[in-house]
Amino acid sequence: MTKKALVVGVNDYAPIGTGGPDLNGCVNDALDMANTLVLCGFSPRNIRLLTNYRATRSNILAYLNWLFKNSKSGDSLVFYYSGHGTRVANLNSDYEFDKLDEAICPHDYASAGVIADDTFRVLFQKSLKAGVNLEVIFDCCHSGTGTRVVPGQENLSEGLRARMIEPDAETLFYTFHERELELPSINSRQMVTVKNMKHTLWAGCKDSQLSYESVINGQTRGHFTREFCRVLRATNGNVTRRILDSQVQRALATYRNNQTNQTESSAAEFGQRVFS
């Protein structure tokens, strides 16, 4: 069995250096995740780490193709992202509204664009072979499967920061009128069963919440990634998805920031060990 991982962390958003909507804890998160995966049996030679200016849209998509290349039944793959999240209105060519898409923000998102969930869905359907395990781990705002109106950041506690890029005017409009548009309601449970889903999504927060970072023991960390890695390290990855999800949720609750992780997969996957 081959284990491969693509680990992405973006603190520094374009332009390089000060000036972008920068974060502080995402590279720390990415390093912790990469080292934790090594403890869980992933060889460093099979881990690709992209941070800051290297984590462009084109590089992330290119290395996702590397991740899936030559995979075979029984292999275990991981795609991890820590950075800003956002949502975008899906408008077709004649400006008809379709839906709201969640998206991650590469280093150069302002010029190259975000990577929306539709892009991931198409890529995974095309590239993920039968019998290959894929864990997708997102520590960013809007990482749950759906979207909801979220509060601004002006009232956050000192030292606490949300990993969110403000949506554009079109998205704000359609989000505000979500009920009138009769968008499908999103399951609010912590673990969400998705029929025929071929991978497992570990989202750092529910669709109605923000994903936070703050200084902990002198180092800025994302709360979700810190607790996720702590459980994996304590068990060397020998833990079922259901127990991992529960222990991370319990740990996140102690931060008292109204952030609850959400895990999505097919029903059979929850009782199986992570990375298998």
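## Buried residues and the chain as a whole

A residue counts as buried when its relative accessible area is under 20%. With that cut-off in hand, let's walk through this predicted model. Buried residues account for 54% of the 276 residues in the chain. Phe275 belongs with them, because its relative accessible area is 4%. This residue sits in the segment after helix 9 (267-270), and its phi is positive, about 65°, although Phe275 is not a glycine.

How many helices and strands does the chain have? You will find 9 helices and 13 strands. The chain exposes about 12,700 Å², and carbon and sulfur atoms supply 48% of that area. If we take the contacts between residues at least 6 apart in sequence, 76% of them join residues at least 24 apart.

## Helix 7 and its partner helix 1

Helix 1 covers residues 26-39 and helix 7 covers residues 223-235; their axes come within 10 Å and cross at roughly 15°. Angles under 35 degrees count as roughly parallel, so helix 1 and helix 7 are roughly parallel to each other. The crossing of this pair is left-handed.

Which residues of helix 1 and helix 7 meet? On the helix 1 side they are Asp29, Asp32, Met33, Asn35, Thr36 and Leu39, and on the helix 7 side Thr225, Phe228, Cys229, Leu232 and Arg233. The contact of helix 1 with helix 7 divides into 5 nonpolar, 3 polar and 3 charged residues.

## Helix 7 and its partner helix 8

Helix 7 also packs with helix 8 (residues 241-253): the two axes come within 9 Å and cross at roughly 130°. Helix 7 and helix 8 are therefore oblique to each other, and the crossing is right-handed. From helix 7, the contact uses His223, Phe224, Glu227, Phe228, Val231 and Leu232; from helix 8, it uses Leu244, Gln247, Val248, Ala251 and Leu252. By class, the contact of helix 7 with helix 8 has 8 nonpolar, 2 polar and 1 charged residues.

In the loop between helix 7 and helix 8 you can find Asn236, which has a positive phi of about 55° although Asn236 is not a glycine.

## Helix 2 against helix 4

Another helix pair is formed by helix 2 (residues 57-68) and helix 4 (residues 117-127), which pack at an angle of about 25° with their axes 11 Å apart. That angle makes helix 2 and helix 4 roughly parallel to each other. Is their crossing left-handed or right-handed? Helix 2 passes helix 4 in a right-handed crossing.

Arg57, Leu61, Leu64, Asn65 and Phe68 of helix 2 meet Thr119, Phe120, Leu123, Phe124 and Ser127 of helix 4. The contact of helix 2 with helix 4 has 6 nonpolar, 3 polar and 1 charged residues by class.

## Prolines between strand 1 and helix 1

The loop between strand 1 (3-9) and helix 1 holds Pro15, and Pro21 lies in the loop between strand 1 and helix 1 too. Pro15 is joined to Ala14 by a cis peptide bond, with omega about 5°.

Is Pro21 buried or partly exposed? Pro21 is partly exposed, because its relative accessible area is 24%. Leaving aside neighbours within four places in sequence, Pro21 is in contact with Tyr13, Ala14, His84, Tyr109, Arg161 and Ile165. The C-alpha atoms of Pro21 and His107 are separated by 9.9 Å, although these residues are 86 residues apart along the chain.

## A buried glutamine in a loop

Finally, have a look at Gln209, in the loop between strand 10 (200-203) and strand 11 (212-216). Gln209 counts as buried because its relative accessibility is 7%. In sequence, Gln209 and Ala162 are 47 residues apart, while in space they are 9.7 Å apart, C-alpha to C-alpha.

Methods: Residues numbered from 1 in each chain as written. Predicted model: local features only at pLDDT ≥ 70, side-chain atom pairs only at ≥ 80, totals over all residues. Heavy atoms only, no water. Axes fitted to C-alpha atoms, helices over the stretch in contact; angles between N-to-C directions. Helix = DSSP H or I, 4+ residues; strand = E, 2+ residues; numbered from the N terminus. Parallel < 35°, antiparallel > 145°, perpendicular 65-115°, else oblique. Left-handed = near helix turned anticlockwise from the far one by under 90°. Contact = heavy atoms within 4.5 Å. Nonpolar A, V, L, I, M, F, W, Y, C, P; charged D, E, K, R; others polar. Buried < 20%, exposed > 50% of the residue type's maximum accessible area, 1.4 Å probe, protein only. Areas by Shrake-Rupley, 256 points an atom, 1.4 Å probe, with all protein chains shown as cover.
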